[in-house]
Amino acid sequence: MSNSSHPTAIRQTFNVVIGWFGVAIGIVLVVSGLMARSPHTMAFVGFALAAASFCVMVRPSIRFGADDVVVSNVVREVTLPWPGISHATSKGSLVLHDNDGHKTTVWAIGSQKARGARNADDARLGILPTASLRPMPGTLTQPPRSAGALREALDAETVDNPTDVPSGRRVRWLPLPCALMALALVSVIVAVIG
């Protein structure tokens with residue numbers, strides 16, 4: 001593991017592969033659209049596809065640090081200190097609940113398999129859902145990548161957290177993904193109008 005405070009960004013592999021596939025198709029459409037002699041509608045659609053694929057499928061992640069959990073979604077990043085997390089749920093996607101009543105959905109971790117299959121995959125990979133998610137110096141543990149296993153591990157980490165303290169939740173809007181999504185929307189509008 002690296003020495004950074006949030007060493008590993010956890011994403012589900014399927015989402016990342018599909019996202020990069022969408023980016024590649026978008027780039028091909030942009031190049032094809034720019035080479036066409038007619039209006040560049042295909043280039044605008046290709047840019048929108050590439051930008052949206054990157055922001056929605058590739059970029060979202062969750063990172064576990066010694067002091068906090070950082071959830072990077074489409075256009076914002078939410079930082080939750082460990083003592084501020086009350087529990088997690090995993091119906092549809094992994095959702096972190098904090099002491100102030102806020103819910104933070106983790107776009108990078110979805111529930112795609114039945115519970116038994118998800119746990120079997122984690123067991124096959126040697127991932128224990130009750131293993132500590134907080135990085136310790138010198139550990140090389142692989143965190144789980146399924147919503148159910150992460151929920152169980154998060155609940156094990158936060159079971160003793162006090163519920164009467166403020167969560168300390170910090171939300172930061174990220175300018176580059178916001179700009180990419182805005183440009184993707186503008187590109188679709190220009191493609192439809194043009």
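View 1. Arg 151 counts as buried, at 17% relative accessibility (buried is under 20% relative accessible area, exposed over 50%, partly exposed in between, with a 1.4 Å probe and protein chains only). The side chain of Arg 151 meets that of Glu 152 in a salt bridge, 3.9 Å from N to O (that is, a side-chain nitrogen of Lys or Arg within 4 Å of a carboxyl oxygen of Asp or Glu). This is a predicted model, where local features need pLDDT of at least 70, side-chain atom pairs count only at pLDDT 80 or more, and totals for chains, interfaces and linings use all residues. Numbering runs from 1 along each chain as its sequence is written, and side-chain values use heavy atoms, with hydrogens and water left out.

Helix α4 covers residues 147-158 (helices are DSSP runs of H or I with at least four residues, strands are runs of E with at least two, and both are numbered from the N terminus). Mostly covered, α4 has 10 of its 12 residues buried, including Ala 147, Gly 148, Leu 150 and Leu 154.

View 2. Arg 170 and Asp 68 pair up through their side chains, 3.7 Å from N to O. That pair links distant parts of the chain, with Arg 170 in strand β8 and Asp 68 in strand β3, 102 residues apart. Arg 170 is partly exposed at 47% relative accessibility, while Asp 68 is buried at 12%.

Arg 172 makes a salt bridge with Glu 77, and their closest N and O atoms are 2.8 Å apart. Arg 172 belongs to strand β8 and Glu 77 to strand β4, so this pair ties together parts 95 residues apart in sequence. Here Arg 172 is partly exposed at 46% and Glu 77 is buried at 12%. Arg 63 joins Glu 77 and Arg 172 in a network of salt bridges. The salt-bridge count comes to five.

**View 3. The five-stranded sheet.** This open sheet has the order β1-β2-β3-β4-β8, with antiparallel pairing (strands pair if DSSP finds at least two bridges between them). β1 (9-10) and β8 (170-173) stand at the edges with a single partner strand each, so one side of each has no neighbour in the sheet. Further in, five bridges join β3 (residues 68-72) to β4 (residues 76-81). Val 71 has Val 78 as its bridge partner in β4.

**View 4. Gly 46, tucked into helix α2.** Gly 46 lies in α2 (residues 41-58) and is buried, with a relative accessible area of 0%. Leaving aside residues up to four places away in sequence, Gly 46 touches Gly 26, Leu 29 and Val 30 (contact means heavy atoms within 4.5 Å). Val 188 is 142 residues away from Gly 46 along the chain, yet their C-alpha atoms are separated by 9.3 Å.

**View 5. Ile 25 on helix α1.** Ile 25 lies in α1 (residues 13-35) and counts as partly exposed, at 34% relative accessibility.

Methods:
The expected span of a helix is 1.5 Å times one less than its number of residues.
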